[in-house]
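Hi everyone, thanks for coming. Let me walk you through the structure on the next slide.

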Amino acid sequence: MSKLTLDPVIRAEQPEDFPTIRAVNLAVFPTPFEADLVDRLRQRAQPTVSQVAVVDDTIVGHIFFSPVHISKRDDLKVMGLAPTAVLPAYQRQGIGSALVRSGLAVCQALGYGAVVVLGHPSYYPRFGFVPTARTGLRCVYDVPVEAFMMLELQPGYLQDVQGIVTYHPAFDDV
Ligand SMILES: CC(C)(COP(=O)(O)OP(=O)(O)OC[C@H]1O[C@@H](n2cnc3c(N)ncnc32)[C@H](O)[C@@H]1OP(=O)(O)O)[C@@H](O)C(=O)NCCC(=O)NCCS
């Protein structure tokens with residue numbers, strides 16, 4: 001587990017943060033896709049969880065969650081984590097971890113039973129994510145099986161659940 005060397009404040013985004021959040025995602029990712037995605041999801045998905053990490057009154061990191069759908073299981077409340085971004089100068093100091101943990105707690109408080117993520121297989125397991133390859137869940141996108149992971153916020157929530165996980169249609173806009 002990474003050591004927390006900075007002491008970020010993690011809080012929910014406010015409307016006045018939107019331009020800075022966009023700038024953080026533009027700075028971190030090679031293309032504007034993630035920055036645009038956050039803007040689209042904020043308008044079109046419901047509910048969303050969007051949190052920022054603040055150090056010395058500056059937003060240095062951001063995390064976003066939006067609901068996903070599991071085929072034939074409209075009853076399940078599952079969030080998709082995407083994206084996570086920490087400005088390069090602030091990486092490897094525990095800020096990403098603080099954002100993930102805080103975001104998961106908010107999703108849990110909203111009554112969500114699980115979270116899926118399409119991400120680095122060496123990063124997310126530290127929070128309890130496990131590859132969905134061990135489960136009956138599959139990502140709608142053609143991705144390496146080890147990169148698609150899930151974490152139960154309620155024990156057993158996805159036990160024996162099978163199906164295709166689809167993201168909000170905003171993910172398919174280019
Ligand atoms: C991934 C990211 C959010 C992590 O934020 P962070 O503040 O550096 O994370 P933490 O300090 O909490 O954790 C650092 C750990 O993450 C690991 N890590 C960072 N980037 C990683 C990557 N691309 N793949 C795998 N592990 C990564 C580091 O090796 C470090 O591991 P260690 O604790 O074993 O040394 C940040 O590196 C980032 O914004 N990267 C670019 C954007 C990105 O790839 N986002 C995630 C999309 S799934």
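**A short tour**

Let's begin with a cysteine: Cys 139 is buried, with a relative accessible area of 13%. Buried here means under 20% relative accessible area, with exposed over 50% and partly exposed in between, using a 1.4 Å probe and protein chains only. Please keep in mind that this is a predicted model, where local features need pLDDT of at least 70 and side-chain atom pairs count only at pLDDT 80 or more, while totals for chains, interfaces and linings use all residues. Residues are numbered from 1 along each chain as its sequence is written, and side-chain values use heavy atoms, leaving out hydrogens and water.

How many disulfides does a search of the whole structure find? The search gives 0, a disulfide being a pair of cysteine sulfur atoms within 2.5 Å. The closest cysteine sulfur to that of Cys 139 is in Cys 107, 17 Å away, so the two are too far apart for a bond. Cys 107 is buried too, at 0%.

Cys 107 takes us to helix H3, residues 95-109, where it is among the buried residues, along with Leu 99, Val 100 and Leu 104. Helices (H or I, at least four residues) and strands (E, at least two) are DSSP runs, numbered from the N terminus. Covering the buried residues of H3 are, among others, strands S1 (9-12) and S5 (114-118). Just after H3, Gly 111 has a positive phi of about 95 degrees.

Key: Expected span 1.5 Å × (residues − 1). Contact = heavy atoms within 4.5 Å.
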